[in-house]
Amino acid sequence: MEIIVNCPRCGEPFIKTKDRKICPKCFKEEEDKFGKVKDYLYSNPLASMVEVVRETGVEEKLVMRWLQDGRLIPVKKGNISYPCRNCGELISTGKFCRKCASRYYDLIQKEVGKMKQVTASVADPFASELKNEMEGMV
Ligand SMILES: [Zn+2]
Ligand SMILES: [Zn+2]
């Protein structure tokens, strides 16, 4: 059965699917914005978050989400930054700073050791999210 919902961005009704939470028009718009930011960073690898937002006109919220998801990877880390979800320290990739990530990674290692099997059984969703994060870093 098709579920028609209103797009949370523009309010237009559209058919909701598992991985489509905004309408096709807004989705396309977001993809265009992503391309813009990516191109801008490619030719301006030293740009800061403020510059990216100012020059591309794309909301910081979106840029931050792409960075957190690892979809957008800054060419040169450190110029573009946003706060670690846990402690607020400025980071430029992933969701957590290295300090928080390694602290939780230790925790996970202990957990894993205790259970003698890998992650699927790590109970804390925050911890398993971090495990994914760490795998991306190594
Ligand atoms: Zn829409
Ligand atoms: Zn942190």
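The legends below accompany close-up views of a predicted model of one protein.

**View 1. Overall arrangement of the predicted model.**
The protein contains five helices and four strands. Read from the N terminus, its elements follow the order β-β-α-α-α-β-β-α-α. The protein has 138 residues, of which 13% count as buried. When contacts between residues at least 6 apart in sequence are considered, 31% of them join residues at least 24 apart.

**View 2**
Strand 1 comprises residues 3–6 and strand 2 comprises residues 13–16. The two strands pair in the antiparallel sense, with four bridges between them. Within this pairing, isoleucine 4 stands opposite isoleucine 15 of strand 2. Strand 1 and strand 2 form a hairpin, and six residues lie between them. In the turn, glycine 11 has a positive phi of about 85 degrees.

**View 3. The crossing of helix 1 and helix 2.**
Helix 1 spans residues 24–43, and helix 2 spans residues 49–56. The axes of these helices come within 10 Å and cross at roughly 125 degrees. The crossing in which helix 1 passes helix 2 is right-handed. On the side of helix 1, the contact is made by Lys36, Val37, Tyr40 and Leu41. Helix 2 contributes Val52, Glu55 and Thr56 to the contact. Sorted by class, the residues in the contact of helix 1 with helix 2 are four nonpolar, one polar and two charged.

**View 4. The surroundings of lysine 33.**
Lysine 33 is a residue of helix 1. With neighbours within four places in sequence left aside, lysine 33 is in contact with Val58 and Leu62. Glycine 57 is 24 residues away from lysine 33 along the chain, and the C-alpha atoms of these two residues are separated by 8.5 Å.

Definitions and conventions: Residues numbered from 1 in each chain as written. Chains lettered and ligands numbered in written order. Predicted model: local features only at pLDDT ≥ 70, side-chain atom pairs only at ≥ 80, totals over all residues. Buried ≥ 20, exposed ≤ 12 C-beta atoms within 10 Å, placed from the backbone. Contact = placed C-beta atoms within 7 Å. Axes fitted to C-alpha atoms, helices over the stretch in contact; angles between N-to-C directions. Left-handed = near helix turned anticlockwise from the far one by under 90°. Nonpolar A, V, L, I, M, F, W, Y, C, P; charged D, E, K, R; others polar. Pairing = 2+ DSSP bridges.
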